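Subject: Structure for you to look at

Hello,

Here is the structure I said I would pass on. Please open it first, then read my notes below with the model beside you.

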Amino acid sequence: MRPLTEEETKIFFEKLTKYIGENVRLLIDRPDGAYCFRLHRDRVFYISEKLLKHAVSIDRDNLISIGTCFGKFTKTRKFRLHITALDYLAPYAQYKIWLKPTAEQQFVYGNHIMKSGLGRISESTAKYQGVVVYNMADVPLGFGVAAKATSECRHAEPMAIVCFHQADVGEYIRAEDTLVG
């Protein structure tokens, strides 16, 4: 386990900024202690520094996971967020999409969001902006990328895609083997 390099930090924070904007610093400067991001086997973990001090005594080969996995770097050095980061992204999300109850299941199964399933969308959401997806009861279901801006969504056809699927809570079941380890 090691700190992120300068290039990895830049790529990682650009991805986080796409979803939570300037609120990234709130993840590190928390009132309940100092937190940091560490890289282990191409995965980025969010760990309290107190826990990190205890983890130093564990051999790298024996360490599978520590803290919360935010995502992983692909072989092409792009960063892909995992659903495990949702609980930390949702409170700070700048742009949000709410789904109608009929569209929740489709999204949780890994499908894109159609205009017909769109309940609400944050004002001034830009095209290709990272968004957190909620149900109408404000429970976070996942995150995606807006396929259309807010103004375009109003006049879109019912079967037009308004949000590209990135990750959803259904991945805990569909991809439980690959989320950690």
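A nonpolar core is a set of buried Ala, Val, Leu, Ile, Met, Phe, Trp, Tyr and Cys residues joined through side-chain atoms within 4.5 Å. Buried here means under 20% relative accessible area. Please keep in mind that this is a predicted model.

The cores

The largest nonpolar core has 28 residues, and those touching the most other members are Phe12, Leu16, Phe37, Val44, Phe70, Leu81 and Phe143. Helix α1 supplies the largest share of this core, 4 residues. Another core, of 14 residues, lies apart from it and includes Ile97, Val133, Cys153 and Val162.

Helix α1

Helix α1 covers residues 6-20 and reaches 20 Å from its first C-alpha to its last, close to the 21 Å expected. Which residues of α1 are buried? They are Glu8, Phe12, Leu16, Tyr19 and Ile20. Seen down the axis of α1, these buried residues fall within an arc of 75 degrees, so they line one face of the helix. An α-helix has 3.6 residues a turn, so residues three or four places apart point the same way. The face of α1 turned away from the buried side carries Glu6, Glu7 and Lys10, which are exposed. After α1 comes glycine 21, with a positive phi near 60 degrees.

The rings

There are 14 aromatic pairs in the structure. One of them is stacked: tyrosine 35 and tyrosine 46, at 5.1 Å centre to centre with 25 degrees between the planes. Tyrosine 35 is in strand β3 and tyrosine 46 is in strand β4, 11 residues apart. Tyrosine 35 counts as buried because its relative accessibility is 17%, and tyrosine 46 counts as buried at 3%.

Phenylalanine 73 and phenylalanine 79 form an edge-to-face pair, 5.2 Å centre to centre and 65 degrees between the planes. Both of these phenylalanines are buried. Ring pairs link a cluster that includes Phe12, Phe37, Tyr35, Tyr46, Phe73 and Phe79.

Two arginines also sit over rings. Arginine 30 lies over the face of tyrosine 35, 3.9 Å from the ring centre. The charged end of arginine 120 is over the ring of tryptophan 98, at 4.1 Å from its centre.

Regards

Note on methods
Residues numbered from 1 in each chain as written. Predicted model: local features only at pLDDT ≥ 70, side-chain atom pairs only at ≥ 80, totals over all residues. Heavy atoms only, no water. Helix = DSSP H or I, 4+ residues; strand = E, 2+ residues; numbered from the N terminus. Expected span 1.5 Å × (residues − 1). Buried < 20%, exposed > 50% of the residue type's maximum accessible area, 1.4 Å probe, protein only. Arc of directions from axis to C-beta. Phe/Tyr/Trp six-rings, centres within 6.5 Å; stacked < 30°, edge-to-face > 60°. Lys NZ or Arg CZ within 6 Å of the ring centre and 35° of its normal.
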